[in-house]
Amino acid sequence: MSKNNTTKQIFDYLKDQNRPYSVIDIHNNLHKEHGKTTVMKTLELLVTEGKVIEKTYGKQKIYFVNQNEFPNSDNADLHKMDAEINNLTHTLNEIQQQIKNTENELNTLDKSLTTEEAESELLVLKNEIPKLKSKLQDLESNAGRVKPEEKDKLYETRKKYCKEWQKRKRLANDMLDAILEGYPKTKKHLLEEIFIEGDGDLKVFSY
């Protein structure tokens, strides 16, 4: 490829992209069609001609097209481009919202029962209905209802036994405390040795 063609190709690429690139970037982006040395010399020529601007950041140099190479846009063109950008942004937002709505619908469908699962659950519910109806009828007919006087009697009996239970429990604890005064080990060891279980062991509690 001739020198003029190489210069034109690199310049056209920078102008089309209109963004900064290093020598290596241009070399790679043009599929290594030109050697790095050729790319560097071509950029230096374009800088000398004022078509390309060179900037140095640390040890790296970047190149981009002089913005004077682009035609000036009047206000009408700028307003037209702004309006087009706004329209495209609005369209993009609508599409993103549609995607979000579709994803939500998909998630809902994924969590829904399949036809087989729904039929199985329906069968379970149908089998449960007769049992619930029977229970409801028993409740409505007051079947097995305890009379108020019987309930009061049961409460009094329970109260009586609980009182006696607590009395005997205190006596037993007093006896244990007396034994522990001369016992060399802990109360837990004593209870295990004489095979006595407490309320907590049997999960029994008085009220």
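Which residue just after α3 takes a positive phi? Keep that one in mind while we work through helix α3 of this predicted model; the residue is Gly50, with a phi of about 80 degrees.

Residues are numbered from 1 along each chain as its sequence is written. Local features need pLDDT of at least 70, side-chain atom pairs count only at pLDDT 80 or more, and totals for chains, interfaces and linings use all residues, while side-chain values use heavy atoms, without hydrogens and water.

**Exercise 1.** Work out what span helix α3 should have, and compare.

Solution. Helix α3 (a DSSP run of H or I, at least four residues) has 13 residues, 36–48. The expected span is 1.5 Å times one less than the number of residues, so α3 should span 18 Å. Its end C-alpha atoms are 18 Å apart, which agrees.

**Exercise 2.** Find the buried face of α3.

Solution. Start with the buried residues (under 20% relative accessible area, 1.4 Å probe, protein chains only; exposed is over 50%): Val39, Thr42, Leu43 and Leu46. Seen down the axis, they fall within an arc of 100 degrees (taken from directions from the helix axis to the C-beta atoms), so they line one face. The face turned away from the buried side carries exposed Lys41 and Thr48.

**Exercise 3.** Describe how α1 and α3 pack.

Solution. Their axes, lines fitted to C-alpha atoms over the stretch in contact, lie 10 Å apart at an angle of about 75 degrees. The helices are therefore roughly perpendicular (65 to 115 degrees). Contact (heavy atoms within 4.5 Å) involves residues including Ile10 and Phe11 of α1 and Leu43 and Leu46 of α3.

Technical notes: Helices (H or I, at least four residues) and strands (E, at least two) are DSSP runs, numbered from the N terminus. Axes are lines fitted to C-alpha atoms, for helices over the stretch in contact, and angles run from 0 to 180 degrees between N-to-C directions. Angles under 35 degrees count as roughly parallel, over 145 as roughly antiparallel, 65 to 115 as roughly perpendicular and the rest as oblique.
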